[in-house]
Each structure stands twice: as C-alpha cells, then as structure tokens.
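Please look at the sequence and the structure before reading on.

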Protein chains: 2
Amino acid sequence: MATRTRRSQRRTEALSRQRIVEAAVQLLDAAGEGGLTFRALTERLATGPGAIYWHVANKSELLDAAADAVVAAAVALKPAEPPGAPPGEIRAVALGLFDAIDEHPWLATQLAMQLSRSPWGSVTTRIFESIGQRVRALGVPDGNLFTATSALVHYILGAVGQNAANTRVDGLHVDRGEFLDAVSTAWEELDPDDYPFTRAVVDQVREHDDREQFLAGIDFVLTGITALHLPSGQACTPPAA
Amino acid sequence: MATRTRRSQRRTEALSRQRIVEAAVQLLDAAGEGGLTFRALTERLATGPGAIYWHVANKSELLDAAADAVVAAAVALKPAEPPGAPPGEIRAVALGLFDAIDEHPWLATQLAMQLSRSPWGSVTTRIFESIGQRVRALGVPDGNLFTATSALVHYILGAVGQNAANTRVDGLHVDRGEFLDAVSTAWEELDPDDYPFTRAVVDQVREHDDREQFLAGIDFVLTGITALHLPSGQACTPPAA
DNA sequence: TTCCAGCATGGAGCGCTGTTCCAGTACTGG
DNA sequence: CCAGTACTGGAACAGCGCTCCATGCTGGAA
C-alpha cells in the first residue's frame, strides 16, 4: 500500500504518512499526550480528517508510528563504536532511550502502553533487537539469549517509564528539587507501621541521580547475566532460594 | 472529607467510594479497559453521574483507586512466611503481582500508565515498600537500599506489563500457542539485515514459559544486587565497562 | 490535446465520552 | 417539627475519534 510514484507538486504540499507522523510528534512534544487530537492535527496540516484517515488507520496506529519514529532514532545513533565492549554499548543504547524520553515525555506513557497492549509491536522489537545484539556479543550462550535480553529490556522499559515523569508534568518542565521534595514530603506522611521501609529511604530520594540509578540497575542485570550464564561467572553463588 | 457517622439504611443501599471502586473493578474485569464508562457505571449502580462524582474526583482517580485495590490485595497475601528467606519472598511478591495481572488484564496498562504519569503514586509506593522490606532483609547496606529496590521494582513493572497481554487480547482469552505462533511468524518475516538477533532467537519465543522467564529476570537482578552490594559477593567481577 | 478512472481530499456530522450543573430528596441535629 | 446539610440523579455541554461522501486533482490512455 505504498507504491508512490514521483510527485512533482500537489495541491499545497502533498500529504503523506511521514508528514502526518512528524506533525503528530510535534504536537505531542508541544502539548503533551493530550495535545494530539485529530482536530489539532487537521488544523496544523490544513486539511480534514478524511485526508488523514487515508494515510493512517486510526489514532492508535498514529501513536505507534510516532513512538516508533522517535525510538528508531534513539536506538540507532551508534557512531560505529569499536566492538569488544558490549556492556558499554548496552548502557549507551539504554541511555539513548532515556534521553529520548527526556526530550519527548509523552514517549514514556506511550512505550508503557504499547508494551502492555501489543507486547511485540515494532517499538518493542526494535529495542529488543538492539539490546539483543549486544547481549549476544557479551558471550551469553544461545539458549539463554532470549531470557537474558528480555530481562534487560523489561528493566529498561520499566525504568525509563518511571524516570520520564520525574522531570516534567503535563509537558511542562518541573523543577527537579521541588518534585523530589514533594515526593519526600508525601512519603514522610505515610503510616510508619505500613511503610517502614519507604520512610527509611526517604532521604535517598532527594539525593539520588536518575541516570546513575538507571545505570546501576542495568549493571545489576548485567552482573546477574554474567554470573549466571557466563562460564567465568559460574563461581558466584546465586542468592539462596 | 470522610467524617461518616453511622448510617442505618439509606435510599436503596448507600453509595460509597468503596462500592464505586468495586463496581469499577468488576466492569474492567468483564469488559476490559474500554469497559469502564461513567455511563456503564451509573447503570450498574443504578444512579447518576453526579452521585459518583460526589465520591470520586474524576475517572483518573477512579482508575487509580481500582488499581490500588487490586494491587493491595496482591502484594499483601503473605501468610506470615517464616523470615530468613528474603529472595523467596521477593519472588512471591512479584508472582503475586504477576498473577493479579493475569486475573485483571487491564491492570497491566493501568500500572504502566500510573508508573509514567504519577511515578510515586500509591500503587507504585505499595509495591516499592513490599519489595523494599525484603531487600533490606537481604542484608543490602542502607546506602544502597533505594537503588537496589528501585531496580527490582522497575524490572518487575516492566516485565508484568508485557507478560499481561501474552494471554489475553481485549479481555478475551487467547490461545497462548496461537499467540506465540503469530509473534514467531511476524518475527520470521522481519528483514534479516535489520533484525538478525530477533530472527535468531525466534524459536525460543515459542518454547519459553512466562513465569519461568519472569523469575529468571528477578534472579538476574537479585544476583547483581548480591554480587555488587553484599560483602560476600564482592569477589565477583562486574562486567567490564 | 482531450478525456476519464480513480487516488486523494476536506467538510459536515454521528455517536460517544468525561464532566458540570442544579433542582430536588433523604437524613440529622437542635 | 423544622432548618440545613449530605447526597442524589437527570439533563445538558464541549470535545473526542471516526465515517461518509461530494468534490478536486492527476497521470496515463486515446
């Protein structure tokens, strides 16, 4: 459904799926998740709903395409790193996603929703592939590749999903200190009997660095994979069941 | 806003926040995420929108409350296990969530959305606390509790979010074999140049067991935490950067 | 050059949603 | 018994995703 012959010039400037997706991303960036409306889209593209629906099946597909476009750019910006350092590359890919969500806050919710609605959609698969290649380069045996990669991807998606909203609310930048203060304060008012642990670590919330913590989590998973599935790691004892 | 004096009997059966949340959960269970409508809710409760809005601020709060109710039941069903086996308890809590999502498929999307929209809302905090208590019992030093617990929670939320839709689509049960077949087939049609890894592990998709893989991921994180933050684990070398 | 099939467009409008408003009812303290 | 508050539910509103369809535009055949 995409046999497009060359087109010199059309009415104003030929409408295309790509132009629609680009406009969608811009609207999402500008006004947050609620900002993407077919009304707003028609206005921005100076057209009508019918024209858009000719190129895109429905809003869900449009959101998928928007997320896919941003994610594709995020996980692909490897400047041909010298091979041999897969852990570093995995961190780089993950941080690419982390930064993409920082630039496009709506991506967090979108990623999370796509993960649970169509678990093996194009976006997830893209990330899975990018991470998986590096996991294989790590030396993980073939039989464990799927499990190891899945674990990494799950952690990454869970973490980036949360950390996104740490800096923005409804598309507006929020002072990070204020935000963490609010969280800390809320946690300090929790019932000490029900939430002893949360109250105990409340101070660490204010001090922690998102990126550092994100990378620390990746290192946990990588260490686990190394210890449990790499010959050199077999000496380590897994936690007793 | 809840000074409720004793109430003998009202019109039919006093409307209350709890009754509304229960009805919401039932609607979600029965008809999926799209099934929760204020129209449907008013019909089921034989009332009007105004009555519901007196007890609940908006739909978002209602969804939060519904998710919170289900999650609270899921993470709290510890039958006073004998202490001393924190890893097993962590797996139990995580599996509790896993099963809750299997029973209430809408919870996956809801959890994911709440994670990214209000990252430290009541649901997340509840899980964080439940896991955190066990991480502390593991012997992780105080300074690393927040990082370690966050990593675990992020992995768990990422994983359960995805595995939910593995068994159902739009609230209907889907044969697992068929579903995985569809995924495998789709993956086999990917471009070999762009997706060498995904195509290489396509067979493992069909064979893998969700719960096993979920637990394997938890073990990766637990092993990583043990190796990097527990004295006994310091002998292990983390993956080279 | 002329004509036409059909790709592509955009405006009107449908059914549905979350939400608000408010007049009215049930209940309670004085 | 009554005044006042707590609560109810019906009507209505703005906005949403989406469909329908008459119309315009365009590349190829004649």
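Helices (H or I, at least four residues) and strands (E, at least two) are DSSP runs, numbered from the N terminus. The model is predicted: local features need pLDDT of at least 70, side-chain atom pairs count only at pLDDT 80 or more, and totals for chains, interfaces and linings use all residues. Residues are numbered from 1 along each chain as its sequence is written, chains are lettered from A and ligands numbered from 1 in the order in which they are written, and side-chain values use heavy atoms, with hydrogens and water left out.

**Two loop residues**

- B:Ala46 sits in the loop between helix 2 (38-45) and helix 3 (49-55) of chain B, and its phi is positive, about 55°, although it is not a glycine.
- B:Ala46 is exposed, at 70% relative accessibility (exposed means over 50% relative accessible area, buried under 20%, partly exposed in between, with a 1.4 Å probe and protein chains only).
- In chain A, A:Ala46 lies in the loop between helix 2 (38-45) and helix 3 (49-55), with a positive phi near 55°.
- Most residues other than glycine have a negative phi.

**How the chains are related**

**The interface**

- In chain B, 72 residues are in contact with 72 residues of chain A.
- About 6,100 Å² is buried between chain B and chain A, and carbon and sulfur atoms give 68% of that area; buried area is the accessible area (1.4 Å probe) that two parts lose on being put together, summed over both.
- The rule finds 2 salt bridges across the interface (a side-chain nitrogen of Lys or Arg within 4 Å of a carboxyl oxygen of Asp or Glu).
- B:Glu33 forms a salt bridge with A:Arg117, with the closest N and O atoms 3.0 Å apart.

**A buried residue**

- B:Ser130 belongs to helix 7 (residues 122-137) of chain B and is buried, with a relative accessible area of 7%.
- Apart from neighbours within four places in sequence, B:Ser130 is in contact with B:Val75 and B:Val93.

Technical notes. Contact means heavy atoms within 4.5 Å.
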